[in-house]
Amino acid sequence: MSSKQLLQLAIPLIKAHGFSREALARSVLYLPKPHDQPLSDAAVNSLFGTGDDARRTLIIGWLDHAREEMRTAATTGGAPASLREVLAQRLKVNEPVLSLLPEAFALLASPTYGLPPLDPMPGLKHVSRIADDACYIVGDTSVGPAWFRRRAAVAAAYGAAELHQLTSPKTAYNFLDDVLNLTQKVDSSVGEVELFGNYIWRSWAGIIRSSGVLP
């Protein structure tokens, strides 16, 4: 029994139990040879981290799992997927746990110790990894500075669409179409991509604060 195995077993429990220590504790009930009782609090601490660090471990595990689902769906079947199809698939993975994501993002953005009150790095890593995977799937051949600009633009586009999804799920896919069209315009300019990225971060922080998790 490894922490990685238990983390994978906890992911399907998120919909019912949230990104919680309880979901991690109950993972042992779904082993091939199930335990009679959930993990103790001390065992969760030992395997996944103390306090909210265990929840962060689960959130990051789910984000990795969601990207894997995106890759699998986009590379299975017939014709190669378009960038829009790849990013839409990633948005679709959010749907079963959509109501839980503002709090999850807030926790990731909250430093364990000290300042700043909001840490942008987890959010930037999240959208950057999705952009990198998506560009690889669609066979992007950019090199040099264009490689970085393309991924920054795709990351900003996905980030904007995901933010929109949190507040208006029914129009998220139409919004993705619109923002990808905008991406084509900002892709060639580092300065415009940076401005777009700053907009994404400010919007993300606003949604986190509006969730009531952070002041």
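Ala, Val, Leu, Ile, Met, Phe, Trp, Tyr, Cys and Pro count as nonpolar, Asp, Glu, Lys and Arg as charged, and the others, Gly among them, as polar. The model is predicted, so local features need pLDDT of at least 70 and side-chain atom pairs pLDDT 80 or more, while totals for chains, interfaces and linings use all residues. Numbering runs from 1 along each chain as its sequence is written, and side-chain values use heavy atoms, without hydrogens and water.

**Exercise 1.** Describe the lining of the second largest pocket by residue, class and helix.

*Solution.* 
Step 1. A pocket is an open set of points on a 1 Å grid over the protein atoms alone, where a 1.4 Å probe fits, with protein on both sides within 12 Å along at least five of seven lines; lining residues have an atom within 4 Å of a point.
Step 2. The lining consists of Ile60, Leu63, Asp64, Arg67, Leu108, Met121, Pro122, Lys125, His126 and Arg129.
Step 3. By class, five of these are nonpolar, one is polar and four are charged.
Step 4. Helices are DSSP runs (H or I, at least four residues) numbered from the N terminus. Helix 5 (52–74) and helix 8 (121–137) each supply at least two lining residues, and helix 8 gives the largest share, five residues.

**Exercise 2.** Which residues of the largest nonpolar core touch the most other members, and what does Trp62 contact?

*Solution.* 
Step 1. A nonpolar core is a set of buried Ala, Val, Leu, Ile, Met, Phe, Trp, Tyr and Cys residues joined through side-chain atoms within 4.5 Å. Buried means under 20% relative accessible area, exposed over 50%, and partly exposed in between (1.4 Å probe, protein chains only).
Step 2. Among the 30 residues of this core, Phe19, Leu24, Phe48, Leu58, Trp62 and Leu101 touch the most other members.
Step 3. The largest share of this core, six residues, comes from helix 5.
Step 4. Beyond its neighbours within four places in sequence, Trp62 is in contact (heavy atoms within 4.5 Å) with Ile11, Ile14, Phe19, Arg90, Val93, Asn94, Val97 and Leu101.

**Exercise 3.** Is Ala16 buried or exposed, and is Val179 buried or exposed?

*Solution.* 
Step 1. Ala16 lies in helix 2 (residues 14–17) and counts as exposed because its relative accessibility is 66%.
Step 2. Val179 belongs to helix 10 (residues 172–186) and is buried, because its relative accessible area is 5%.
Step 3. For Val179 and Ala161, 18 residues apart along the chain, the C-alpha separation is 7.2 Å.
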